[in-house]
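Work through the exercises below with the sequence and the 3D structure at hand. Each task is followed by its solution.

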Amino acid sequence: MLNKSVCIIMLILLPKFMVSQDSKTPNIIMIFCDDLGFADLSSYGSVWNETPEIDKMATEGLRFTNFYAGAPVCTPSRAGLMTGCYARRVDMDLDAKNRWVLFPVAEKGINPKEITLPEVLKEEGYSTAIIGKWHLGDQPEFLPTKHGFDYWFGLPYSNDMEVMKRGDPPLPLMRNEEVVQQSNALKIFDQSNLTKRYTEEAVQWIDRNKEKPFFLYLAHTMPHNPVAARPEFYKKTTNPKEGFGASVAEISWSTGEILSYLKKENLDENTLVIFTSDNGGNPNWGASNGILKGKKGQTSEGGIRVPCIAWWPGKIEPGTTCTTPASVIDFYSTFSSLANIKLKDETKRDGKDISQYFFNPHLEVEPRPFFYWHVGYLEAVRYGDWKINLMGDFSKKAKENIANSTYSEVSSLGQVELYDLNNDPGERFNIADAHPEIVQKLISMAEKERAVLGQWNDKGPEVRTTIYKNNPKPLLKQP
């Protein structure tokens with residue numbers, strides 16, 4: 001038996017902010033921006049955008065510096081969050097016409113057989129809601145209320161998807177499965193009020209559901225183009241694209257409203273809040289990815305590495321930083337673990353439980369590969385600090401090579417690039433020739449991944465093919 005002195009010493013040495021294993025199930029809030037770049041927050045280096053509420057969240061919580069979206073564009077990244085998988089595995093990396101994302105009146109959507117994150121949490125007693133953008137299918141069987149969410153208020157896809165020459169219906173604002181407002185030539189609903197409306201809906205929903213565990217997915221429409229914000233937020237940015245900066249400032253305000261409400265209701269110490277983005281930003285619209293190369297729609301770091309902040313007073317030590325790579329696909333296993341849920345199915349998923357990063361951010365862990373899938377192709381692999389770009393200059397010829405050759409053959413053509421992301425996060429210096437053994441190691445990982453998931457229209461044996469719907473119907477407000 002340990003004597004009293006030894007027990008006292010052990011207690012002193014225990015980490016101050018070690019998570020308690022009490023029986024109270026935590027609430028979880030996921031704040032998910034659309035097209036927010038890596039350097040679009042003051043706490044990540046922005047010199048244009050005022051984000052004091054989010055910066056305060058970072059000083060009170062944990063900031064990730066090597067965090068990855070599920071993909072460099074909307075639909076596959078959101079599929080990664082909902083399923084814990086690369087979108088390629090769940091057949092959500094291409095639409096029915098082989099385009100990057102789903103468009104209105106889509107013939108496909110998230111597989112009704114997939115057990116989504118909200119479904120897992122709901123089965124264990126959580127109330128679940130999505131406020132904001134869905135973008136995983138707009139037909140009845142694909143809507144969020146059919147995939148584990150008790151409540152939905154928001155848009156079914158991106159706010160720019162009302163192109164008449166493409167035949168898009170007017171942009172629909174939904175409550176559950178009903179169109180409550182619809183844009184037309186007169187702009188019946190004003191997008192400049194969307195962030196405010198989302199925030200009000202979120203707070204009201206929490207207030208109605210705070211007596212039992214809840215999962216809120218606040219998926220902001222902004223700062224996706226066309227950006228919009230209320231007039232007072234244009235004064236809070238020096239961004240040359242002032243609409244973008246204003247929309248980011250209003251998202252910061254919204255985040256502050258959510259956190260203030262949690263503190264006021266004494267919910268903060270039992271609520272984990274995550275703030276992140278679905279992919280990197282597009283500088284053409286006003287975003288900044290800082291020193292990172294590339295932008296939205298690319299597998300260079302600027303297209304897929306995003307800000308991520310975790311906030312949980314009393315559990316996460318304030319002002320901490322985690323440099324270990326992690327991804328949105330990890331939240332499925334992480335949230336399940338924090339909710340003390342043992343996943344009962346044997347479905348293969350790509351994410352892992354990263355809850356230990358919240359409470360011990362400097363913990364050394366074994367590296368694992370991260371695969372950069374985009375538009376049906378595996379374009380890059382990260383392992384530890386090493387990243388191999390399998391697409392070279394991303395030219396048409398490079399795509400033909402990667403489509404028709406082994407990665408070793410592509411390497412022999414001098415196409416691949418190798419970067420040390422710890423010393424060169426901007427991917428400026430290709431050091432493939434100096435490290436042939438690392439190149440071959442990462443190529444071997446890529447070959448194994450492609451063998452099970454395939455590429456383009458050749459779906460590998462581990463791809464879980466979703467359903468395709470004939471004659472999809474547009475979402476229209478009923479008279």
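**Exercises on cavities and ring pairs**

Thr299, Ser300, Ala380, Lys387, Asn389, Phe394 and Glu427 line the second largest cavity. This is a predicted model, in which local features need pLDDT of at least 70 and side-chain atom pairs pLDDT 80 or more, while totals for chains, interfaces and linings use all residues. Residues are numbered from 1 along each chain as its sequence is written, and side-chain values use heavy atoms, without hydrogens and water.

**Exercise 1.** State which classes make up the lining of the second largest cavity.

*Solution.* Start with the classes: Ala, Val, Leu, Ile, Met, Phe, Trp, Tyr, Cys and Pro count as nonpolar, Asp, Glu, Lys and Arg as charged, and the others, Gly among them, as polar. The lining then has 2 nonpolar, 3 polar and 2 charged residues.

**Exercise 2.** Classify the pair of phenylalanine 331 and phenylalanine 335 as stacked or edge-to-face.

*Solution.* Rings of Phe, Tyr and Trp (its six-membered ring) pair if their centres lie within 6.5 Å; planes under 30 degrees apart are stacked, over 60 edge-to-face, and the rest tilted. The structure holds 21 aromatic pairs. One of them, between phenylalanine 153 and tyrosine 198, has 6.3 Å between centres and 90° between planes, and is edge-to-face. Tyrosine 198 counts as buried at 1% relative accessibility (buried is under 20% relative accessible area, exposed over 50%, partly exposed in between; 1.4 Å probe, protein chains only). For phenylalanine 331 and phenylalanine 335, the centres are 5.1 Å apart and the planes at 10°, so this pair is stacked. Phenylalanine 331 is buried, at 0% relative accessibility, and phenylalanine 335 is buried at 0%.

Definitions and conventions
1 Å grid on protein atoms, 1.4 Å probe; cavity = no way out; pocket = protein on both sides within 12 Å on 5 of 7 lines; lining within 4 Å.
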